[in-house]
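Here is a short report on one structure. Please look at the sequence and the 3D view, then read on.

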Amino acid sequence: MPIYEYRCPECGDFEVLLSMGAAARESGCPGCGTPARRLMSAPGLSRSGTPAARLIERTERTAAEPDVVAAPPPGPRRAPRTTGNPLRRRLPRP
């Protein structure tokens, strides 16, 4: 169900939950009863089913709740990459 926003000249903005297409141009303010005009606002679209949205959600969740591990993941360890560029030899190493 969409949420429609209205602005009362007396009380300010308020939201009304109505079925699609049932919102009128004006609605009575729940606080004072004054007619309030409907506002045009951006729709609240979501992409919650896409892999990109799931990745973003997981990344945000791990920032506050990181996974706890007992050991590094199994598999072969990679050797550090070396370069043949002589200019990089003077750079600090980790």
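Helix H1 spans residues 51-64 and holds both glutamate 57 and arginine 61. They sit 4 residues apart, about one turn of the helix. Helices here are DSSP runs of H or I with at least four residues, strands are runs of E with at least two, and both are numbered from the N terminus. Glutamate 57 forms a salt bridge with arginine 61. A salt bridge needs a side-chain nitrogen of Lys or Arg within 4 Å of a carboxyl oxygen of Asp or Glu.

This is a predicted model, where local features need pLDDT of at least 70, side-chain atom pairs count only at pLDDT 80 or more, and totals for chains, interfaces and linings use all residues. Residues are numbered from 1 along each chain as its sequence is written, and side-chain values use heavy atoms, without hydrogens and water.

How many salt bridges does the rule give? The count comes to 2.

| Salt bridge | Closest N and O atoms |
|---|---|
| Aspartate 13 with arginine 7 | 2.7 Å |
| Glutamate 57 with arginine 61 | 3.7 Å |

How accessible are these residues? Buried means under 20% relative accessible area, exposed means over 50%, and partly exposed lies in between (1.4 Å probe, protein chains only). Arginine 7 is partly exposed at 45%. Glutamate 57 is partly exposed at 49%. Arginine 61 is partly exposed too, at 41%.

Now the sheet. Strands of a sheet pair through backbone hydrogen bonds, either parallel or antiparallel. Two strands count as paired if DSSP finds at least two bridges between them. This open sheet has 4 strands in the order E2-E1-E4-E3, with antiparallel pairing. Strand E2 (12-17) and E3 stand at the edges. Each has a single partner strand, so one side of each lacks a neighbour in the sheet. Neighbouring strands are turned by 40° against each other on average, direction ignored. Such angles come from lines fitted to C-alpha atoms, for helices over the stretch in contact, and run from 0 to 180 degrees between N-to-C directions.

Take the pairs in turn. E1 and E2 are antiparallel, over 6 bridges. Here tyrosine 4 stands opposite valine 16 in E2. Strand E1 (residues 3-8) joins strand E4 (residues 35-38) through 2 bridges, also antiparallel. Arginine 7 has arginine 37 in E4 as its bridge partner. Strand E3 (residues 26-28) pairs with E4 over 3 bridges, in the antiparallel sense. Arginine 37 in E4 is the bridge partner of glutamate 26. The hairpin of E3 and E4 has 6 residues between the strands. In that hairpin, glycine 33 takes a positive phi near 85°.
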